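Visitor: Could you walk me through reading this model, one feature at a time?
Guide: Gladly; let us look at it together.

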Amino acid sequence: METTAAAPYHSNQKLVIHLIRHAHGLHNLESERHRDPLKRIQYADPELSPLGWQQVREQRKDLSASGLLERIELVVTSPLTRTLQTSVGIFGSPLKDENTVGNGYQNGIKTPIFNHPPIIASELCRERLSKGRSRGSISQCRSRFPQVDFSLIEREDDILWEADERESDESVAAKGIKFIKWLLARKEKEIAVVSHGVFLQQTLIALKNEFDSSIEKEFLTPLVYLFGNCEIRSLKFFRESVVRLGQDYKKN
């Protein structure tokens, strides 16, 4: 079980959560090439495609220009390769070797130096579990992504999903609500989350159904739609909603 201990809870603030789907991956490329799943290359933990790296470069440039890179206090990422590469590629600090794919850089991603936020990996925001999909060991992840903190993940190796049927939408949504409550119990005021399309969609649908009054209305209309690769959507919680959801989190 993953550790979910949070910083002391603060109720005197709003919380902005920026939800980001990973950039275009090799598995997305296979789906576009072949409509028949039997003809696709099956990836256990796919990396970003060339298009995905281009999306990362563009998103980093756009967020830097908007000032969002400097405002975000924390990045929470799924521990799968495509989300780790997206997280470090957008939010990580430049390294000496910016062409190292494992560290999230490719083809010279360059950016002005800024105080990059800490990046932590969490199993709570990973993709829908299904047979044949798994993350690498935590030792491998730490070696490839030294800028990411993996201390929340206690299990070295992944637990493989053996069932023929993939994880249900209801299960994904339940994890999403648990994850949002964990974020609301933290001290940061602005957090970015890098995750997966189904997880983000089901989390937002659950939020809309259960906590409609807790989220500012202008953010509710597009929540039922799927995220595009490297797309960002933001949620701003009112102070009273943070208090209520934070109390729910403490009870659970």
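**Reading the fold**

Guide: Let us begin with contacts, meaning heavy atoms within 4.5 Å. Residues 24 or more positions apart account for 77% of the contacts in the chain with a separation of 6 or more. Please keep in mind that this is a predicted model, where local features need pLDDT of at least 70 and side-chain atom pairs count only at pLDDT 80 or more, while totals for chains, interfaces and linings use all residues. Residues are numbered from 1 along each chain as its sequence is written, and side-chain values use heavy atoms, with hydrogens and water left out.

Visitor: How many helices and strands are there in the chain?
Guide: Elements are DSSP runs, numbered from the N terminus: helices are H or I with at least four residues, strands are E with at least two. Here the chain has eight helices and six strands. From the N terminus, their order is β-α-α-α-β-α-β-α-β-α-β-α-β-α.

Visitor: What is the order of the strands in the sheet?
Guide: Two strands pair if DSSP finds at least two bridges between them. The six strands form an open sheet in the order E4-E3-E2-E5-E1-E6, with mixed pairing. Strand E4 (148–149) and strand E6 (232–237) are at the edges with a single partner strand each, so one side of each has no neighbour in the sheet. E4 pairs with strand E3 (residues 119–121) in the parallel sense over two bridges, and Ile120 stands opposite Asp149 in E4.

Visitor: Which strands pair with E5 in the parallel sense?
Guide: E1 pairs with E5 over six bridges, and Ile17 has Ile191 as its bridge partner in E5. E2 pairs with E5 over four bridges, with Val75 opposite Ala192.

Visitor: Are the residues of E5 buried or exposed?
Guide: Buried means under 20% relative accessible area, exposed over 50%, and partly exposed in between, using a 1.4 Å probe and protein chains only. In a regular strand the side chains alternate between the two faces of the sheet. In E5, Glu190, Ala192 and Val194 are buried on one side, and Ile191, Val193 and Ser195 are buried on the other. Six of the six residues of E5 are buried, so this strand is largely enclosed by the rest of the structure. Across the chain, buried residues make up 52% of the 252 residues.

Visitor: How many residues does helix H2 have, and how far does it reach?
Guide: The expected span of a helix is 1.5 Å times one less than its number of residues. Helix H2 (residues 50–66) has 17 residues and reaches 25 Å from first C-alpha to last, close to the 24 Å expected. Gly67 follows H2, with a positive phi near 90 degrees.

Visitor: Which residues of H2 are buried?
Guide: Gly52, Trp53, Gln55, Val56, Gln59, Arg60 and Leu63 are. They cover an arc of only 155 degrees around the axis, which puts them on the same side of H2; the arc is that of the directions from the helix axis to the C-beta atoms. These buried residues pack against helix H3 (68–71), H4 and E6. On the other side of H2, Pro50, Lys61 and Ala65 are exposed.

Visitor: How many disulfides does a search of the whole structure find?
Guide: A disulfide is a covalent bond between the sulfur atoms of two cysteines. The test is a pair of cysteine sulfur atoms within 2.5 Å, and the search finds zero. Cys125 is buried at a relative accessible area of 0%, and Cys230 is buried at 5%.
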